[in-house]
Amino acid sequence: MSKKLRNHEEVVIEQLRNPEIAKAYLDVALEEYEQDGDLAFFLEALRNVAQARSGITHLAETTGLNRPNLYRVLSPEGNPELRTISLILHNLGYRLSVQPIQPSPGN
């Protein structure tokens, strides 16, 4: 009996169909951006969630952004405006929020 092997990306996309897993994934990506300024990692996470949900084409239709522009915005070289990120998140069922920074122990 042979098993079909799946690549890492297929497994990630499958897991990101779960809204709670997708939220945790985006939270971690945003925390990483906050720590090291690596916007490309956050944009990749956002792109992965979009692909898992309904695909980039559907997201382009619901946001009113054209598909090539959306791919460009979510590419590692993308530099989207805050309103574009907010629009994408909203159409994926999420929103940006502000939270207080927890002081480090000893501060």
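**Note on helix α3 and its surroundings**

1. The axes of helix α3 (residues 39–53) and helix α6 (residues 82–92) come within 11 Å and cross at roughly 30 degrees, where axes are lines fitted to C-alpha atoms, for helices over the stretch in contact, and angles run from 0 to 180 degrees between N-to-C directions. Helices here are DSSP runs (H or I, at least four residues), numbered from the N terminus. This is a predicted model, in which local features need pLDDT of at least 70, side-chain atom pairs count only at pLDDT 80 or more, and totals for chains, interfaces and linings use all residues. Residues are numbered from 1 along each chain as its sequence is written, and side-chain values use heavy atoms, with hydrogens and water left out.

2. Contact, meaning heavy atoms within 4.5 Å, is made by F42, L46, V49, A50 and R53 on the α3 side and by I85, I88, L89 and L92 on the α6 side.

3. L74 touches L43, L46, R47, I56 and I88, when residues up to four places away in sequence are not counted.

4. N48 also lies in helix α3, and N48 counts as buried because its relative accessibility is 8%, buried being under 20% relative accessible area with a 1.4 Å probe and protein chains only. Leaving out residues up to four places away in sequence, N48 touches I13, L16 and Y25.

Key. Helix = DSSP H or I, 4+ residues; strand = E, 2+ residues; numbered from the N terminus. Buried < 20%, exposed > 50% of the residue type's maximum accessible area, 1.4 Å probe, protein only.
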